[in-house]
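Here is a short report on one protein chain. Keep the sequence and the 3D view open as you read.

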Amino acid sequence: MPPSPKNQPICTPTFATAITQKLTKNPTTNQSLMYPGDSDDEDDIESPTEAQNDAYSSLSKSVYECLLKNTPQDSSSLDTIIATIKTTGHTYLRSHPGHEDTGDDGALHRMIDSICRGEPTNMDECQSTLSRIRYRMEQQSTADRYVAMMGLPLPLNQLCHEFDIRRVENMEDEARYKDLFNLVVPREYTLFPRPTEGQGRPFYKGLQYLMATIDYCDIPLSEAAGKLDRVMEVVEEELEHDKEIFERDAEVSRKRIELFALYGYSSGDISPRKRKRSFSSS
């Protein structure tokens, strides 16, 4: 009998960093150990040590790998991965034409082109390339899901991967662009978490697609804000669900305890039962 959804993660690998941050809340302040973010004076925040950074990265990698196991994967053969890059990479390049051809992710576009042309490559390059492509395609399908949850029509009847985001980037009405930006971008870290190690740099097309959707359907910004907030509530519930699953995962639990120990906390300090008592009494 297959495991029930209650015992399986809901989120895709693109949410690995968001789950990791929930797993690393300070037991005293309930803020992220690594990214407290709410201090009035950033100079008061001590930078993580190298050991703390390494432990956090190791934990995040374990969360990502666990989420990856819960999604359909291709055969590990080099030929199969190359074939997947050729099909998925072509779809990605069409979804994001002419963007980021310089800088860090210019390398991604050039690598996809190189692999598609059949130039020599190796397993590490191909796995890295496929991981970054999938992160970007997942961000776009996530945006499609949010639009469906909000019950809004597709801009130009196009899904995120079909939509030319330059329509947003080149918007002539600067005031309108600013309003849309201020509506969507503050919700970024919940809706579109930062990539984890191996997924490349952040990708913003999903955010821009939400801006375009709200612009094209021309609903009041207050109504759009309410719809976005309801989507965020669902996402938060899903993240909490997955966090509780990962708290019980042996490998993740071990690395989590190691990280908290570097901040002076014991395993008892971060047990779910003790944490609930602490917050209920505060």
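The chain has 12 helices and zero strands. Helices (H or I, at least four residues) and strands (E, at least two) are DSSP runs, numbered from the N terminus. Along the sequence the pattern reads α-α-α-α-α-α-α-α-α-α-α-α. This is a predicted model: local features need pLDDT of at least 70, side-chain atom pairs count only at pLDDT 80 or more, and totals for chains, interfaces and linings use all residues. Residues are numbered from 1 along each chain as its sequence is written, and side-chain values use heavy atoms, with hydrogens and water left out.

**Burial and contacts overall**

How much of the chain is buried? Of its 282 residues, 41% count as buried. Buried means under 20% relative accessible area, exposed over 50%, and partly exposed in between (1.4 Å probe, protein chains only). Contact means heavy atoms within 4.5 Å. Take the contacts between residues at least 6 apart in sequence: 78% of them join residues at least 24 apart.

The table lists some residues with their accessibility.

| Residue | Relative accessible area | Class |
|---|---|---|
| C126 | 0% | buried |
| I115 | 2% | buried |
| C11 | 6% | buried |
| S32 | 8% | buried |
| T190 | 15% | buried |
| G198 | 40% | partly exposed |
| L156 | 41% | partly exposed |
| N157 | 65% | exposed |

Helix α3 covers residues 78-95, which is 18 residues. The expected span of a helix is 1.5 Å times one less than its number of residues. Which residues of α3 are buried? They are I81, I82, T84, I85, G89, Y92 and S95. An α-helix has 3.6 residues a turn, so residues three or four places apart point the same way.

I115 sits in helix α4 (residues 106-116). Leaving out residues up to four places away in sequence, I115 touches I82, I85, K86, T121, C126 and T129. Two of these contacts, I82 and I85, are on the buried list of α3. G89 is 26 residues from I115 in sequence, yet their C-alpha atoms are 9.4 Å apart in space.

**Cysteines**

C126, one of the contacts of I115, is buried because its relative accessible area is 0%. C11 is buried too, at 6%. A disulfide is a covalent bond between the sulfur atoms of two cysteines. Here it is counted as a pair of cysteine sulfur atoms within 2.5 Å. How many disulfides does this rule give? The count is zero.

**Two packed helices**

Two packed helices are described by the angle between their axes and the distance between the axes. Helix α5 (residues 123-150) and helix α10 (residues 221-247) pack at about 120°, with axes 9 Å apart. Axes are lines fitted to C-alpha atoms, for helices over the stretch in contact, and angles run from 0 to 180 degrees between N-to-C directions. The pair is therefore oblique. The classes are: under 35 degrees roughly parallel, over 145 roughly antiparallel, 65 to 115 roughly perpendicular, and the rest oblique. Which residues meet? From α5 come R145, Y146, M149 and M150, and from α10 come K227, L228, V231, V234, V235 and E238.

T190, in helix α8 (residues 188-191), also contacts Y146 and V235.

**Loops**

G198 lies in the loop between α8 and α9 (205-217). Beyond four places in sequence, G198 touches S128, S131 and R132. G198 and K61 are 137 residues apart in sequence, but 9.0 Å apart in space, C-alpha to C-alpha.

S32 is in the loop between α1 (16-23) and α2 (50-69). Its contacts, leaving aside neighbours within four places, are T24 and K25.

L156 and N157 lie in the loop between α5 and α6. Most residues other than glycine have a negative phi, and most peptide bonds are trans. Yet phi is positive in L156, near 55°, and in N157, near 60°.
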